[in-house]
Amino acid sequence: MYALREAIAAFRRAPVLTGLSAAMVGLALFVVGLFSLATYNLQLALSLIEERVEVVVYLRDDTRQSEIDQLLTELSALDEVGQVRYLSKRDALERAQTELPEFGELFLDSEVNPLPQSLEVELRPGDRNPEVVERISDAAERYPFVEDALYGEEWVDRLFTLRRVGAASTAVLGAAFALVAALIIGTALRITIFARKDEIYVMRLVGAKNGFIRRPFLLEGALAGIAGGILASLMTYATYHGVHTYLFDISWVPNLWVFIGLAIGGCFGTASSAVAIRKHLREI
Amino acid sequence: MIKLTHVSKEYPKRGFAVRDVSFHLKKSEFAFLTGHSGSGKSTMLRLIHMTDRPTDGAVRVTGFSSARITERDLWKVRRRVGMVFQDFRLLPGRTALQNVAFVLEVTGTPTKAVQSRAQRLLAQVGLAPKASALVNELSGGEQQRVAIARALANDPFVLLADEPTGNLDERATRGIMELFKDINAKGMAVLMATHDLELIRRHPTARVFELDQGELVYDSETSTKPQPSSVPQSEPTRGD
(Lines give C-alpha, C1' and ligand atoms only; values in the text may rest on other atoms or scores of the structure.)
Protein backbone atom coordinates (compact mmCIF):
# COMPACT_ATOMS: atom_id res chain seq x y z
CA MET A 1 0.00 0.00 0.00
CA TYR A 2 2.79 2.37 1.02
CA ALA A 3 4.75 1.34 -2.09
CA LEU A 4 1.81 2.12 -4.40
CA ARG A 5 1.11 5.43 -2.63
CA GLU A 6 4.78 6.46 -2.87
CA ALA A 7 5.02 5.40 -6.53
CA ILE A 8 1.99 7.52 -7.42
CA ALA A 9 3.22 10.36 -5.19
CA ALA A 10 6.54 10.29 -7.05
CA PHE A 11 4.65 10.88 -10.32
CA ARG A 12 2.83 13.79 -8.68
CA ARG A 13 5.89 15.28 -6.97
CA ALA A 14 8.02 15.42 -10.11
CA PRO A 15 5.59 15.28 -13.03
CA VAL A 16 8.10 16.64 -15.56
CA LEU A 17 10.82 14.17 -14.62
CA THR A 18 8.53 11.16 -14.46
CA GLY A 19 6.75 12.35 -17.64
CA LEU A 20 10.11 12.59 -19.38
CA SER A 21 11.18 9.15 -18.21
CA ALA A 22 7.85 7.68 -19.39
CA ALA A 23 8.36 9.50 -22.73
CA MET A 24 11.87 8.05 -23.02
CA VAL A 25 10.51 4.60 -22.27
CA GLY A 26 7.73 5.27 -24.80
CA LEU A 27 10.17 6.31 -27.54
CA ALA A 28 12.41 3.32 -26.87
CA LEU A 29 9.44 0.95 -27.07
CA PHE A 30 8.08 2.82 -30.12
CA VAL A 31 11.14 1.68 -32.06
CA VAL A 32 10.39 -1.87 -30.91
CA GLY A 33 6.73 -1.31 -31.91
CA LEU A 34 7.67 -0.16 -35.42
CA PHE A 35 9.96 -3.14 -35.78
CA SER A 36 7.15 -5.45 -34.65
CA LEU A 37 4.75 -3.87 -37.16
CA ALA A 38 7.25 -4.35 -39.99
CA THR A 39 8.06 -7.91 -38.88
CA TYR A 40 4.39 -8.83 -38.60
CA ASN A 41 3.60 -7.57 -42.10
CA LEU A 42 6.64 -9.28 -43.55
CA GLN A 43 5.55 -12.52 -41.89
CA LEU A 44 2.06 -12.04 -43.26
CA ALA A 45 3.40 -11.52 -46.79
CA LEU A 46 5.60 -14.61 -46.51
CA SER A 47 2.67 -16.65 -45.19
CA LEU A 48 0.54 -15.65 -48.19
CA ILE A 49 3.29 -16.82 -50.52
CA GLU A 50 3.77 -19.94 -48.43
CA GLU A 51 0.11 -20.89 -48.86
CA ARG A 52 0.86 -21.46 -52.52
CA VAL A 53 3.40 -24.15 -51.74
CA GLU A 54 1.90 -27.41 -53.04
CA VAL A 55 2.92 -30.54 -54.89
CA VAL A 56 1.41 -31.21 -58.32
CA VAL A 57 1.47 -34.87 -59.30
CA TYR A 58 1.12 -35.25 -63.09
CA LEU A 59 -0.43 -38.51 -64.21
CA ARG A 60 -0.06 -40.44 -67.42
CA ASP A 61 -3.00 -40.20 -69.83
CA ASP A 62 -3.56 -43.95 -69.62
CA THR A 63 -3.89 -44.05 -65.82
CA ARG A 64 -6.95 -45.95 -64.70
CA GLN A 65 -9.52 -44.29 -62.42
CA SER A 66 -8.94 -46.94 -59.74
CA GLU A 67 -5.23 -46.07 -59.69
CA ILE A 68 -6.01 -42.36 -59.41
CA ASP A 69 -8.43 -43.05 -56.54
CA GLN A 70 -5.85 -45.22 -54.77
CA LEU A 71 -3.14 -42.51 -55.01
CA LEU A 72 -5.59 -39.83 -53.94
CA THR A 73 -6.57 -41.86 -50.88
CA GLU A 74 -3.00 -42.65 -49.94
CA LEU A 75 -1.80 -39.06 -50.30
CA SER A 76 -4.81 -37.76 -48.33
CA ALA A 77 -3.95 -40.12 -45.49
CA LEU A 78 -0.54 -38.50 -44.96
CA ASP A 79 -0.36 -36.29 -41.82
CA GLU A 80 1.21 -33.36 -43.64
CA VAL A 81 -1.41 -33.29 -46.39
CA GLY A 82 -4.42 -31.05 -45.99
CA GLN A 83 -6.32 -31.67 -49.17
CA VAL A 84 -5.81 -33.46 -52.51
CA ARG A 85 -7.68 -32.26 -55.59
CA TYR A 86 -8.01 -34.18 -58.81
CA LEU A 87 -7.72 -32.10 -61.99
CA SER A 88 -8.80 -33.83 -65.17
CA LYS A 89 -7.32 -32.97 -68.56
CA ARG A 90 -10.42 -30.94 -69.38
CA ASP A 91 -10.27 -29.08 -66.07
CA ALA A 92 -6.61 -28.30 -66.75
CA LEU A 93 -7.47 -26.93 -70.18
CA GLU A 94 -10.29 -24.78 -68.85
CA ARG A 95 -8.06 -23.37 -66.15
CA ALA A 96 -5.31 -22.66 -68.64
CA GLN A 97 -7.75 -20.81 -70.87
CA THR A 98 -8.94 -18.73 -67.92
CA GLU A 99 -5.62 -18.04 -66.30
CA LEU A 100 -3.59 -17.66 -69.48
CA PRO A 101 -5.92 -15.82 -71.88
CA GLU A 102 -3.01 -14.83 -74.13
CA PHE A 103 -2.66 -18.49 -75.09
CA GLY A 104 -6.42 -18.93 -75.44
CA GLU A 105 -6.39 -19.29 -79.22
CA LEU A 106 -3.54 -21.76 -79.10
CA PHE A 107 -5.55 -24.01 -76.82
CA LEU A 108 -8.71 -23.63 -78.97
CA ASP A 109 -6.90 -24.35 -82.22
CA SER A 110 -5.31 -27.52 -80.92
CA GLU A 111 -7.20 -30.70 -81.74
CA VAL A 112 -5.59 -32.61 -78.94
CA ASN A 113 -5.58 -31.45 -75.32
CA PRO A 114 -1.85 -31.29 -74.51
CA LEU A 115 -2.34 -30.81 -70.78
CA PRO A 116 -2.03 -33.80 -68.40
CA GLN A 117 -4.44 -34.81 -65.65
CA SER A 118 -3.03 -34.20 -62.18
CA LEU A 119 -3.45 -34.35 -58.42
CA GLU A 120 -2.87 -31.10 -56.56
CA VAL A 121 -1.59 -31.84 -53.08
CA GLU A 122 -2.20 -29.00 -50.62
CA LEU A 123 -0.14 -29.13 -47.41
CA ARG A 124 -1.16 -28.28 -43.89
CA PRO A 125 0.15 -24.97 -42.44
CA GLY A 126 3.44 -25.64 -40.67
CA ASP A 127 4.32 -28.42 -43.11
CA ARG A 128 4.86 -26.21 -46.13
CA ASN A 129 8.61 -26.58 -46.09
CA PRO A 130 11.16 -27.97 -48.57
CA GLU A 131 11.67 -31.23 -46.66
CA VAL A 132 7.99 -32.17 -46.61
CA VAL A 133 7.27 -31.24 -50.22
CA GLU A 134 10.28 -33.21 -51.36
CA ARG A 135 9.23 -36.25 -49.36
CA ILE A 136 5.69 -36.18 -50.78
CA SER A 137 6.98 -35.60 -54.27
CA ASP A 138 9.34 -38.61 -53.95
CA ALA A 139 6.54 -40.77 -52.58
CA ALA A 140 4.27 -39.88 -55.50
CA GLU A 141 6.98 -40.48 -58.09
CA ARG A 142 7.32 -44.09 -56.99
CA TYR A 143 3.99 -44.91 -58.65
CA PRO A 144 4.50 -46.13 -62.24
CA PHE A 145 1.55 -44.14 -63.58
CA VAL A 146 2.96 -40.88 -62.24
CA GLU A 147 4.64 -38.88 -64.96
CA ASP A 148 6.20 -36.31 -62.68
CA ALA A 149 5.71 -34.60 -59.31
CA LEU A 150 6.67 -30.94 -59.19
CA TYR A 151 6.66 -28.35 -56.43
CA GLY A 152 8.74 -25.48 -57.78
CA GLU A 153 11.83 -26.67 -55.98
CA GLU A 154 13.87 -23.55 -56.67
CA TRP A 155 11.39 -20.97 -55.46
CA VAL A 156 10.37 -23.05 -52.46
CA ASP A 157 14.04 -23.18 -51.44
CA ARG A 158 14.37 -19.43 -51.95
CA LEU A 159 11.20 -18.74 -50.03
CA PHE A 160 12.42 -20.73 -47.07
CA THR A 161 15.87 -19.20 -47.21
CA LEU A 162 14.15 -15.80 -47.13
CA ARG A 163 12.02 -16.95 -44.21
CA ARG A 164 15.07 -18.17 -42.28
CA VAL A 165 16.95 -14.92 -42.96
CA GLY A 166 13.82 -13.05 -41.85
CA ALA A 167 13.56 -15.07 -38.64
CA ALA A 168 17.27 -14.64 -37.84
CA SER A 169 17.26 -10.91 -38.50
CA THR A 170 14.04 -10.56 -36.48
CA ALA A 171 15.71 -12.30 -33.55
CA VAL A 172 18.97 -10.34 -33.79
CA LEU A 173 17.43 -6.92 -34.50
CA GLY A 174 14.61 -7.55 -32.02
CA ALA A 175 17.12 -8.42 -29.31
CA ALA A 176 19.24 -5.37 -30.20
CA PHE A 177 16.21 -3.03 -30.10
CA ALA A 178 15.05 -4.60 -26.85
CA LEU A 179 18.52 -4.14 -25.34
CA VAL A 180 18.65 -0.50 -26.44
CA ALA A 181 15.15 0.00 -25.01
CA ALA A 182 16.23 -1.60 -21.72
CA LEU A 183 19.29 0.66 -21.52
CA ILE A 184 17.23 3.77 -22.21
CA ILE A 185 14.59 2.73 -19.69
CA GLY A 186 17.32 1.99 -17.14
CA THR A 187 18.87 5.43 -17.70
CA ALA A 188 15.51 7.16 -17.43
CA LEU A 189 14.70 5.39 -14.19
CA ARG A 190 18.17 5.98 -12.81
CA ILE A 191 17.51 9.69 -13.23
CA THR A 192 14.30 9.44 -11.19
CA ILE A 193 16.07 7.35 -8.56
CA PHE A 194 18.90 9.85 -8.42
CA ALA A 195 16.36 12.62 -7.93
CA ARG A 196 15.15 10.76 -4.85
CA LYS A 197 18.54 9.89 -3.43
CA ASP A 198 17.84 11.96 -0.29
CA GLU A 199 14.78 9.87 0.47
CA ILE A 200 16.71 6.65 -0.03
CA TYR A 201 19.45 7.98 2.23
CA VAL A 202 16.96 8.83 4.99
CA MET A 203 15.29 5.45 4.64
CA ARG A 204 18.62 3.70 5.07
CA LEU A 205 19.54 5.98 7.93
CA VAL A 206 16.45 5.21 9.98
CA GLY A 207 16.44 1.48 9.35
CA ALA A 208 13.96 0.86 6.55
CA LYS A 209 14.39 -2.64 5.16
CA ASN A 210 16.02 -2.87 1.74
CA GLY A 211 12.95 -4.58 0.31
CA PHE A 212 10.78 -1.78 1.61
CA ILE A 213 13.08 0.83 0.03
CA ARG A 214 13.06 -1.00 -3.30
CA ARG A 215 9.32 -1.63 -3.61
CA PRO A 216 8.11 1.90 -4.51
CA PHE A 217 10.90 2.23 -7.08
CA LEU A 218 10.11 -1.13 -8.63
CA LEU A 219 6.46 -0.17 -8.81
CA GLU A 220 7.37 3.21 -10.23
CA GLY A 221 9.53 1.45 -12.82
CA ALA A 222 6.66 -0.86 -13.73
CA LEU A 223 4.23 2.07 -14.01
CA ALA A 224 6.70 4.07 -16.12
CA GLY A 225 7.21 0.99 -18.30
CA ILE A 226 3.47 0.46 -18.78
CA ALA A 227 2.86 4.18 -19.39
CA GLY A 228 5.70 4.14 -21.91
CA GLY A 229 4.24 0.98 -23.45
CA ILE A 230 0.83 2.66 -23.89
CA LEU A 231 2.52 5.70 -25.42
CA ALA A 232 4.54 3.46 -27.75
CA SER A 233 1.38 1.55 -28.76
CA LEU A 234 -0.43 4.80 -29.57
CA MET A 235 2.50 6.09 -31.64
CA THR A 236 2.84 2.76 -33.44
CA TYR A 237 -0.90 2.74 -34.17
CA ALA A 238 -0.71 6.31 -35.48
CA THR A 239 2.15 5.26 -37.77
CA TYR A 240 0.19 2.21 -38.94
CA HIS A 241 -2.87 4.36 -39.59
CA GLY A 242 -0.82 6.89 -41.56
CA VAL A 243 0.87 4.26 -43.71
CA HIS A 244 -2.38 2.30 -44.19
CA THR A 245 -4.35 5.40 -45.19
CA TYR A 246 -1.84 7.31 -47.30
CA LEU A 247 0.84 4.91 -48.51
CA PHE A 248 -0.02 1.22 -48.84
CA ASP A 249 -2.10 -1.53 -47.31
CA ILE A 250 -0.62 -3.01 -44.17
CA SER A 251 -2.13 -4.93 -41.27
CA TRP A 252 -2.24 -3.98 -37.60
CA VAL A 253 -0.50 -6.40 -35.26
CA PRO A 254 -2.69 -8.81 -33.23
CA ASN A 255 -4.00 -7.30 -29.97
CA LEU A 256 -2.14 -10.01 -28.08
CA TRP A 257 1.10 -8.47 -29.31
CA VAL A 258 0.03 -5.10 -27.87
CA PHE A 259 -0.71 -6.69 -24.49
CA ILE A 260 2.59 -8.56 -24.60
CA GLY A 261 4.30 -5.25 -25.46
CA LEU A 262 2.71 -3.56 -22.44
CA ALA A 263 3.70 -6.47 -20.22
CA ILE A 264 7.26 -6.34 -21.58
CA GLY A 265 7.29 -2.56 -20.95
CA GLY A 266 6.26 -3.20 -17.35
CA CYS A 267 8.84 -5.96 -16.94
CA PHE A 268 11.59 -3.81 -18.51
CA GLY A 269 10.66 -0.94 -16.21
CA THR A 270 10.72 -3.18 -13.14
CA ALA A 271 13.96 -4.92 -14.09
CA SER A 272 15.76 -1.69 -15.04
CA SER A 273 14.55 -0.11 -11.82
CA ALA A 274 15.75 -3.13 -9.83
CA VAL A 275 19.24 -2.86 -11.33
CA ALA A 276 19.39 0.90 -10.80
CA ILE A 277 18.15 0.80 -7.18
CA ARG A 278 20.44 -2.10 -6.34
CA LYS A 279 23.41 -0.12 -7.59
CA HIS A 280 22.22 2.96 -5.72
CA LEU A 281 21.69 1.12 -2.43
CA ARG A 282 25.23 -0.19 -2.63
CA GLU A 283 26.58 3.33 -3.14
CA ILE A 284 24.81 4.90 -0.14
CA MET B 1 24.93 -1.16 25.19
CA ILE B 2 27.69 0.03 22.88
CA LYS B 3 31.02 -1.70 23.12
CA LEU B 4 34.01 -1.14 20.88
CA THR B 5 36.81 -3.68 21.10
CA HIS B 6 40.12 -2.80 19.43
CA VAL B 7 38.30 -1.15 16.56
CA SER B 8 40.27 0.11 13.58
CA LYS B 9 39.06 1.54 10.33
CA GLU B 10 41.50 1.87 7.50
CA TYR B 11 40.59 3.35 4.12
CA PRO B 12 42.62 2.22 1.13
CA LYS B 13 43.82 5.71 0.17
CA ARG B 14 43.43 7.71 3.37
CA GLY B 15 44.98 5.23 5.76
CA PHE B 16 43.71 4.80 9.33
CA ALA B 17 40.70 6.93 10.30
CA VAL B 18 40.29 5.06 13.59
CA ARG B 19 43.02 2.97 15.20
CA ASP B 20 42.63 0.39 17.96
CA VAL B 21 39.82 2.10 19.87
CA SER B 22 38.09 0.37 22.76
CA PHE B 23 35.39 1.80 25.01
CA HIS B 24 32.04 0.96 26.52
CA LEU B 25 29.14 3.41 26.47
CA LYS B 26 26.64 2.51 29.15
CA LYS B 27 22.88 2.82 29.22
CA SER B 28 21.58 6.40 29.68
CA GLU B 29 25.07 7.83 29.50
CA PHE B 30 25.73 11.30 28.06
CA ALA B 31 29.09 11.47 26.35
CA PHE B 32 30.99 13.87 24.15
CA LEU B 33 33.31 12.65 21.43
CA THR B 34 35.83 15.36 20.72
CA GLY B 35 38.99 15.94 18.75
CA HIS B 36 40.30 18.08 15.91
CA SER B 37 38.85 17.96 12.42
CA GLY B 38 39.89 14.68 10.82
CA SER B 39 40.54 13.01 14.17
CA GLY B 40 38.01 10.26 13.35
CA LYS B 41 34.87 11.44 15.22
CA SER B 42 32.48 11.06 12.32
CA THR B 43 34.03 7.72 11.33
CA MET B 44 33.51 6.53 14.90
CA LEU B 45 29.81 7.46 14.77
CA ARG B 46 29.42 5.77 11.39
CA LEU B 47 31.01 2.62 12.81
CA ILE B 48 28.54 2.60 15.70
CA HIS B 49 25.63 3.24 13.29
CA MET B 50 27.15 0.46 11.16
CA THR B 51 27.14 2.64 8.08
CA ASP B 52 30.79 1.62 7.92
CA ARG B 53 32.32 -1.65 9.12
CA PRO B 54 35.62 -1.77 11.00
CA THR B 55 38.61 -3.28 9.23
CA ASP B 56 39.71 -4.71 12.57
CA GLY B 57 38.06 -5.31 15.93
CA ALA B 58 34.33 -5.31 16.56
CA VAL B 59 31.56 -2.86 17.36
CA ARG B 60 28.79 -4.28 19.48
CA VAL B 61 25.44 -2.49 19.62
CA THR B 62 22.73 -4.04 21.85
CA GLY B 63 23.64 -7.58 20.98
CA PHE B 64 24.47 -6.98 17.33
CA SER B 65 28.13 -7.36 16.43
CA SER B 66 29.64 -5.70 13.37
CA ALA B 67 31.67 -8.85 12.88
CA ARG B 68 28.62 -11.05 12.40
CA ILE B 69 25.69 -8.95 11.28
CA THR B 70 24.65 -9.38 7.65
CA GLU B 71 23.81 -6.54 5.27
CA ARG B 72 20.24 -7.78 5.34
CA ASP B 73 19.92 -7.29 9.10
CA LEU B 74 21.53 -3.85 9.39
CA TRP B 75 18.11 -2.21 9.64
CA LYS B 76 17.70 -3.79 13.07
CA VAL B 77 20.69 -1.82 14.39
CA ARG B 78 19.66 1.38 12.63
CA ARG B 79 16.27 1.34 14.33
CA ARG B 80 17.97 1.14 17.71
CA VAL B 81 20.41 3.96 16.99
CA GLY B 82 19.14 7.46 16.18
CA MET B 83 21.43 9.81 14.29
CA VAL B 84 21.55 13.54 13.63
CA PHE B 85 24.01 15.57 11.57
CA GLN B 86 25.42 19.06 11.35
CA ASP B 87 23.66 19.61 8.00
CA PHE B 88 20.33 18.12 9.25
CA ARG B 89 19.78 16.00 6.11
CA LEU B 90 16.05 16.63 6.02
CA LEU B 91 13.90 16.13 2.95
CA PRO B 92 13.49 19.55 1.35
CA GLY B 93 10.10 20.53 0.00
CA ARG B 94 8.34 18.63 2.77
CA THR B 95 6.91 19.94 5.99
CA ALA B 96 8.36 19.23 9.42
CA LEU B 97 5.49 16.82 10.06
CA GLN B 98 6.02 15.03 6.74
CA ASN B 99 9.73 14.60 7.47
CA VAL B 100 8.99 12.87 10.75
CA ALA B 101 5.99 10.95 9.40
CA PHE B 102 8.15 9.67 6.53
CA VAL B 103 10.39 7.81 8.98
CA LEU B 104 7.42 6.28 10.75
CA GLU B 105 5.92 5.17 7.44
CA VAL B 106 9.07 3.55 6.13
CA THR B 107 9.72 1.70 9.35
CA GLY B 108 6.31 0.13 9.43
CA THR B 109 4.22 2.24 11.84
CA PRO B 110 0.51 1.57 11.15
CA THR B 111 -0.83 4.27 8.82
CA LYS B 112 -3.49 5.41 11.29
CA ALA B 113 -0.91 6.06 14.01
CA VAL B 114 1.62 7.89 11.84
CA GLN B 115 0.23 11.43 11.98
CA SER B 116 -0.51 11.47 15.72
CA ARG B 117 2.86 9.96 16.57
CA ALA B 118 4.67 12.43 14.32
CA GLN B 119 2.79 15.29 16.03
CA ARG B 120 3.83 13.94 19.45
CA LEU B 121 7.48 13.72 18.39
CA LEU B 122 7.44 17.30 17.13
CA ALA B 123 5.83 18.38 20.39
CA GLN B 124 8.60 16.57 22.27
CA VAL B 125 11.23 18.71 20.53
CA GLY B 126 9.13 21.85 21.00
CA LEU B 127 8.18 22.27 17.39
CA ALA B 128 4.46 21.44 17.35
CA PRO B 129 3.49 24.95 16.17
CA LYS B 130 5.76 24.60 13.12
CA ALA B 131 4.50 21.15 12.09
CA SER B 132 3.05 22.33 8.81
CA ALA B 133 5.98 24.59 7.87
CA LEU B 134 8.26 23.51 5.05
CA VAL B 135 11.63 22.54 6.52
CA ASN B 136 13.53 24.90 4.21
CA GLU B 137 11.52 27.77 5.71
CA LEU B 138 12.66 26.90 9.25
CA SER B 139 15.71 28.30 11.08
CA GLY B 140 18.80 26.14 11.58
CA GLY B 141 17.87 25.38 15.19
CA GLU B 142 14.34 24.42 14.18
CA GLN B 143 15.60 22.20 11.39
CA GLN B 144 17.89 20.44 13.84
CA ARG B 145 14.90 19.87 16.14
CA VAL B 146 13.03 18.27 13.25
CA ALA B 147 16.08 16.07 12.63
CA ILE B 148 16.11 15.10 16.31
CA ALA B 149 12.38 14.32 16.26
CA ARG B 150 13.04 12.15 13.22
CA ALA B 151 15.91 10.37 14.99
CA LEU B 152 13.63 9.66 17.95
CA ALA B 153 10.88 8.21 15.79
CA ASN B 154 12.01 4.61 16.27
CA ASP B 155 12.44 5.10 20.02
CA PRO B 156 16.17 4.27 19.87
CA PHE B 157 18.27 3.55 22.96
CA VAL B 158 21.05 5.88 21.87
CA LEU B 159 21.21 9.12 19.94
CA LEU B 160 24.36 9.76 17.92
CA ALA B 161 24.91 13.39 17.02
CA ASP B 162 27.60 14.44 14.57
CA GLU B 163 28.45 18.10 15.26
CA PRO B 164 24.75 18.91 15.70
CA THR B 165 25.42 22.48 16.80
CA GLY B 166 28.12 23.18 14.22
CA ASN B 167 25.82 25.29 12.06
CA LEU B 168 23.89 26.93 14.87
CA ASP B 169 24.21 30.21 16.73
CA GLU B 170 24.75 30.37 20.47
CA ARG B 171 21.06 30.54 21.37
CA ALA B 172 20.05 27.68 19.12
CA THR B 173 23.00 25.66 20.41
CA ARG B 174 21.80 26.12 23.99
CA GLY B 175 18.30 25.04 22.98
CA ILE B 176 19.57 21.89 21.28
CA MET B 177 21.78 21.02 24.26
CA GLU B 178 18.81 21.44 26.60
CA LEU B 179 16.85 19.12 24.36
CA PHE B 180 19.63 16.52 24.44
CA LYS B 181 19.71 16.72 28.21
CA ASP B 182 15.93 16.21 28.39
CA ILE B 183 16.16 13.23 26.09
CA ASN B 184 19.02 11.81 28.14
CA ALA B 185 17.11 12.36 31.38
CA LYS B 186 14.38 10.08 30.02
CA GLY B 187 16.91 7.25 29.77
CA MET B 188 18.32 7.53 26.26
CA ALA B 189 22.10 7.53 25.87
CA VAL B 190 23.56 10.43 23.87
CA LEU B 191 26.92 10.37 22.12
CA MET B 192 27.69 13.74 20.62
CA ALA B 193 30.68 14.51 18.42
CA THR B 194 31.88 18.09 18.71
CA HIS B 195 35.11 20.05 18.54
CA ASP B 196 33.57 22.81 20.65
CA LEU B 197 35.51 22.54 23.94
CA GLU B 198 33.56 25.38 25.47
CA LEU B 199 30.37 23.41 25.00
CA ILE B 200 31.96 20.41 26.69
CA ARG B 201 33.13 22.52 29.64
CA ARG B 202 29.59 23.71 30.15
CA HIS B 203 28.53 20.10 30.74
CA PRO B 204 31.01 18.88 33.35
CA THR B 205 29.01 15.78 34.29
CA ALA B 206 29.16 14.35 30.80
CA ARG B 207 31.70 11.70 29.89
CA VAL B 208 34.31 12.84 27.37
CA PHE B 209 36.20 10.80 24.80
CA GLU B 210 38.95 12.46 22.83
CA LEU B 211 40.34 11.20 19.58
CA ASP B 212 43.60 12.26 18.02
CA GLN B 213 44.52 10.97 14.58
CA GLY B 214 42.08 8.12 15.04
CA GLU B 215 43.37 7.02 18.43
CA LEU B 216 41.47 7.33 21.68
CA VAL B 217 43.76 9.53 23.75
CA TYR B 218 41.37 10.38 26.56
CA ASP B 219 38.37 8.88 28.34
CA SER B 220 37.19 10.97 31.30
CA GLU B 221 35.99 7.83 33.07
CA THR B 222 39.27 5.95 33.00
CA SER B 223 42.04 8.48 32.35
CA THR B 224 43.88 9.97 35.25
CA LYS B 225 45.74 12.54 33.10
CA PRO B 226 44.04 15.76 31.97
CA GLN B 227 42.26 15.88 28.64
CA PRO B 228 44.99 16.64 26.03
CA SER B 229 43.05 19.24 24.01
CA SER B 230 42.15 21.21 27.13
CA VAL B 231 45.76 21.49 28.38
CA PRO B 232 46.76 23.90 29.76
CA GLN B 233 43.41 24.16 31.49
CA SER B 234 44.48 27.00 33.74
CA GLU B 235 45.15 29.38 30.84
CA PRO B 236 42.31 31.56 29.67
CA THR B 237 40.59 30.19 26.57
CA ARG B 238 38.61 31.92 23.88
CA GLY B 239 35.34 33.24 25.18
CA ASP B 240 36.44 33.04 28.78
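## Helix packing in chain A

Helix H2 (residues 15-50) of chain A packs against helix H7 (residues 153-195) of chain A at an angle of about 170°, and their axes are 9 Å apart. H2(A) is therefore roughly antiparallel to H7(A), a label given to angles over 145 degrees, whereas those under 35 degrees count as roughly parallel, 65 to 115 as roughly perpendicular and the rest as oblique. Axes here are lines fitted to C-alpha atoms, for helices over the stretch in contact, and angles run from 0 to 180 degrees between N-to-C directions. The contact of H2(A) with H7(A) consists of 24 nonpolar, 7 polar and 2 charged residues. In this division Ala, Val, Leu, Ile, Met, Phe, Trp, Tyr, Cys and Pro are nonpolar, Asp, Glu, Lys and Arg are charged, and the others, Gly among them, are polar.

The model is predicted: local features need pLDDT of at least 70, side-chain atom pairs count only at pLDDT 80 or more, and totals for chains, interfaces and linings use all residues. Residues are numbered from 1 along each chain as its sequence is written, while chains are lettered from A and ligands numbered from 1 in the order in which they are written.

## Make-up of the two chains

Chain A has 10 helices and 4 strands, and its elements run α-α-β-α-β-α-α-β-α-β-α-α-α-α from the N terminus on. Chain B has 7 helices and 10 strands. Helices (H or I, at least four residues) and strands (E, at least two) are DSSP runs, numbered from the N terminus.

Of the 284 residues in chain A, 29% are buried; in chain B, with 240 residues, 41% are buried. A residue is buried if 20 or more other C-beta atoms lie within 10 Å of its own, exposed if 12 or fewer, and partly exposed in between, with C-beta atoms placed from the backbone. Among contacts in chain A between residues at least 6 apart in sequence, 87% join residues at least 24 apart. In chain B, residues 24 or more positions apart account for 67% of the contacts with a separation of 6 or more. Two residues are in contact if their C-beta atoms, placed from the backbone, lie within 7 Å.

## Interface between A and B

The interface brings 12 residues of chain A into contact with 13 residues of chain B. On the chain A side, helix H8 (residues 197-205) gives the most, with 6 residues. That side of chain A has 8 nonpolar, 1 polar and 3 charged residues.

## Strands of chain B

An open sheet in chain B is formed by 4 strands in the order E2-E1-E4-E5, with antiparallel pairing. Its edge strands, E2 (15-25) and E5 (64-65), each pair on one side only. Two strands pair if DSSP finds at least two bridges between them; strand E1 (residues 2-11) and E2(B) are joined in the antiparallel sense over 7 bridges. B:Glu10 has B:Phe16 in E2(B) as its bridge partner.

Strand E7 (residues 158-162) of chain B is mostly covered, with 5 of its 5 residues buried. B:Val158, B:Leu160 and B:Asp162 point one way from E7(B), B:Leu159 and B:Ala161 point the other way, and all are buried. E7(B) runs parallel to strand E6 (residues 81-85) of chain B, to which 5 bridges join it, and B:Val84 is paired with B:Ala161 in E7(B) as its bridge partner. Another 5 bridges join E7(B) to strand E8 (residues 189-193) of chain B, also in parallel; here the bridge partner of B:Leu160 is B:Leu191 in E8(B).

## Helices H3 and H5 of chain B

The axes of helix H3 (residues 96-106) and helix H5 (residues 140-152) of chain B come within 8 Å and cross at roughly 20°. H3(B) and H5(B) are therefore roughly parallel to each other. In H3(B), B:Ala96, B:Asn99, B:Val100 and B:Val103 meet B:Val146, B:Ala149 and B:Arg150 in H5(B). By class, this contact has 5 nonpolar, 1 polar and 1 charged residues.

## Positive phi in chain B

Most residues other than glycine have a negative phi. B:Ser28, not a glycine, has a positive phi of about 65°. B:Ser28 is in the loop between E2 and strand E3 (30-34) of chain B and is partly exposed, with 15 other C-beta atoms within 10 Å.

B:Phe88 likewise has a positive phi, near 65°, and is placed in the loop between E6 and H3 of chain B. B:Phe88 is buried, with 21 other C-beta atoms within 10 Å.
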